[in-house]
Amino acid sequence: MSARVSARPTAPPARGTAGRRSGVLLGAVLAVTLAAGCGGRATTHHKPGTGHQVATGGNGTVLPATDEAGHRLREVEAPGAPAVRVEARPDSEGGWNIHLTVERFRFTPESVGGAAIPGRGYARVVTDGKEATRLYGPWHHVPPGVRTVTVRLHADDHTVWAVAGRPVEATTALGPPGPPSPTAPSATSTPVPAPGRTVEITVNGDSVQPPPSRVEVRKGERVTLRVTSDRPDTLHVHGYDREVALPADRPVSLTLTADRTGLFEVETHESGLVLTQLVVR
Amino acid sequence: MSWTRRLLVALSVVLAALAATLLTAPGAQAHEERPVTFPDGSGSVPKLRTGEPDLLVCKTDRADLVRRISGFPAALKARNLALFDRCVRGGHRHLQQAVDAVDRPGMTIAVLPGLYEEQPSLPPPAGACASLEAPTSALGYQILSYEQQKQCPHNQNLVAILGKKDLQIEGTGASRLDVVFDAKYAKLNAIRADESDGIYFRNFTAQRTTFNSLYVLAGDGFVIDDVLTRWNDEYGFLTFASDHGLYKNCESYGNGDSGIYPGSASDINNGRGYDVPRYSIEITGCRSHHNMVGYSGTAGDSVWVHDNEFDHNMGGASMDSAFPGHPGLPQNHARFERNLIHDNNQNYYPYVADGTCAEPPVERGYERGVVCPQISMPPGTGIITAGGNWNLYENNWVYGHQRAAFYLSAVPAFVRGESAWGKQADTSHHNRYAGNHLGVDRTGTPRPNRADVWWDGQGGGNCWQADAGASSPGALPVCGTPRGEVSGGSDRLIGEPVKLAQLLVCADYDVQARRLPVGCDWYGARGIQRVETQLALAFAVVLALVGGALWWRRLRGSRVAGAAALVGLTGLALDVAGSTLSLASGPVPALALVLTGTGWTALGVTLRAERPALAWTTLSLGALTLLDAFDKAVLMIPWTPLSPAWLRGLLAVVWVLWALVASSARTPSRPSRRAAPAAATAPGSAG
């Protein structure tokens, strides 16, 4: 329903003083509204809205140098430069979940391909020296077998953010270094046909390193379990029913061909620890 | 806001209406420019030239180009490689260099795939350009003359095209995203074509400015073909004071005002009816989404908007006459046909409230979906018309809106800077909404709008299709089949009082002060927070107390009066309920009026013997209230300059005071002078 009163200073009913007072009140309201509502606004545009400050800061200097994939480096001052850290957590079904922590940086998938704006862009994932993928967020999964992961921050125009001529990046090694070449990641980038995969496990009392998880194996793949225990024990692979004695503090290898699919536990008989699970698909 | 203040607001609705429309622009018009006049209209819409380009723009990194074109079809790839070889030898590295090399009309510039930052244009003004004498707009930038733009083309523009005729600028990529002009929020405009008749833009992207990406000013003849604009403080495309324009297959998003703004399109049909010889600007095949409004047109005159999609904005499209300085006001003769206007329910006001929009533009995060709405407008609306005439809205699909499909209100002339009395009610006439598909998508799936129509009630010759669903008011003038035929027309000089009060409250929006009016549902107010419900409740309380006092003191013995008071009370309660957002467009408000009116009428009848004068006033009030119900629910009464609601409101003031005096008098036949103080305090205690 509509309002039942009007702003017009209606002539009050000529009975008693109440009407006259109301009339005065209406008149006052009218005057106030006139002053407040209309003063000086008729010739302006709308209120100024947001600020329209133009950006005056630069976006760094493109250097002649490039990264190994040919992306030019974009040098920015160290204070205020973006930064990245990376950590890896083993995944329960194999491989690793890596998590990026960025500072003074945000992922801008919508504007990729546009100009570089400080603190914006994406991350590139380099696994064992090869460009793997582009990241628009903080999480990524890397498959089993990868030994090192490097994440590098790029601008929207694909240049690499750099400080003092070096890319803004972070690297982490994945899992225990294993043979054949734990210190030479580039060597692992070529496929090794045999003896297949090696899983390193160390048992210390009740502690298993790496913590028990799942190892994904393709059917037909050869797997070597290399186990070091701090006390004498027996290593047993369920399903395949393979056993081997574990002397104290000496690594022992058990190699099998994963010719049956399924989930198979690897455990120690004496201490009753589950060391890992093999998922054969 | 206190009750007292709320009452004061209510008491001042007439002026409020004027003030409200001053500040409320359900549209998009934050544009201050040097004084310009319309072109003379002797030009024409330019045609695409497909021959070899005259000038080339590219970067010199061949590997980069090869990467960019690697997915192109073979023929296009070969063409780009050939153009690249030619460009490296004799082309330009920046678009501005090529524009500066244009030395005759009719030249074509081809821009090869790449990212163009126009570095030579970027430095801030220096020397004489840093100290130009020019007025500063309310928006903070200088309003430069054409000569000053020529003198300092990069004070405000990344690329300035000044006075070039029949120029064509085209990207040579496979899609418009292959050629990107990026202003990085360092300039007001990315590309400005000023007094450049016959300009043809094709196949590129322009983005990230602090005003608009692609700006055509005072041009007779322009085409915007397959261009994308995004992430601007105000507009994607702004074409102003121009004629013979064509937008086609364009896209725009992420703009704080509108994606597409054909402001002050040439006013070539002023004075005509619906039949017009031509339109000044045609817009077709465009999509505008995730903006404050998809399309806007302050003085968007004679614009033919057809087969576009405006979706997921706060409002689909708007046009208005709410701002001075725009040639061609009041707005008239826009024609909307076969557009898909749907799901415009975004609400970006929280970004104002939380301070995101107070950051500098580069920091706001437009790229991740932030939009900073520049003005106050009703989110959840399909097409808003705030002060327009002779607009045609036919055969559009308008669905999925949480407020209303169509929103029509008037704007008095002084708001646009015209003070002549004869012009004050010259907007909101002859707008025709017919044959639209309301509340269904193109496949026929129901996607209802909460209401199909919201109208302030002002203006003559407006009409809506008969099958429109929920509307406010409930009874609308209905369009006949031929244009111009209206049944149940109206001639109101001013809109409904409560709607105008709402506009006043809603208009108190201020981006910079981060002020979102608490009483306005545009900003999220619900239930008792809304000014409409507060007003209804305040008046219900006042009337219930006064009516109750009257009944208790004078009519307690009468059963009829008791029943009348009950009916009236029920009506008042329903009135409060009917003021809520969910019931305002249904039958409840009219039902409430019927009950209140019946109560008053019966009360008047029982009062006749004791107080004939008051009785007749009460009867008149009852009759006006019933008439108001008839006006809102059955047929809008024609040939009346004010709705019954206004008369009812005026009379109600008289009645409240009179009833107070009557009920406080000691004897029915001899009112005492001492009754006066009691009467004077009563409204205070009631309010």
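A residue is counted as buried if 20 or more other C-beta atoms lie within 10 Å of its own, as exposed if 12 or fewer do, and as partly exposed in between, the C-beta atoms being placed from the backbone. The structure is a predicted model, in which local features need pLDDT of at least 70 and side-chain atom pairs count only at pLDDT 80 or more, whereas totals for chains, interfaces and linings use all residues. Residues are numbered from 1 along each chain as its sequence is written, and chains are lettered from A and ligands numbered from 1 in the order in which they are written.

By the burial criterion, 17 of the 20 residues of helix H11 (residues 588–607) of chain B are buried, so H11(B) is largely enclosed by the rest of the structure. Helices (H or I, at least four residues) and strands (E, at least two) are DSSP runs, numbered from the N terminus.

In chain B, eleven strands form an open, parallel sheet in the order E4-E7-E9-E11-E14-E17-E20-E24-E28-E31-E34, two strands being paired if DSSP finds at least two bridges between them. Strand E4 (157–162) and strand E34 (471–472) of chain B stand at the edges with a single partner strand each, so one side of each has no neighbour in the sheet. Within this sheet, six of the six residues of strand E24 (residues 381–386) of chain B are buried, so E24(B) is largely enclosed by the rest of the structure. E24(B) pairs in the parallel sense over five bridges with strand E20 (residues 315–320) of chain B, where B:Ser318 stands opposite B:Ile384. E24(B) also pairs in the parallel sense, over five bridges, with strand E28 (residues 404–409) of chain B, and here B:Thr381 stands opposite B:Ala404.

A nonpolar core is a set of buried Ala, Val, Leu, Ile, Met, Phe, Trp, Tyr and Cys residues joined through C-beta atoms within 7 Å. The largest such core has 209 residues, of which B:Phe181 and B:Val453 touch the most other members; helix H13 (residues 644–664) of chain B gives the most to this core, with twelve residues. Contact between two residues requires that their C-beta atoms, placed from the backbone, lie within 7 Å. Residues up to four places away in sequence being left out, B:Val453 touches B:Ala404, B:Ala405 and B:Phe406, as well as B:Trp464, B:Ala468, B:Ser471 and B:Leu476. A second, separate core of 18 residues includes A:Val217, A:Val227, A:Val237 and A:Leu278.

Chain A comprises one helix and 21 strands, and 36% of its 281 residues count as buried. Among contacts in chain A between residues at least 6 apart in sequence, 60% join residues at least 24 apart. Three strands of chain A form an open, antiparallel sheet in the order E3-E4-E8, with strand E3 (83–90) and strand E8 (139–142) of chain A as the edge strands, each pairing on one side only. E3(A) and strand E4 (residues 96–103) of chain A pair in the antiparallel sense over eight bridges, and A:Ala88 stands opposite A:Ile98 in E4(A).
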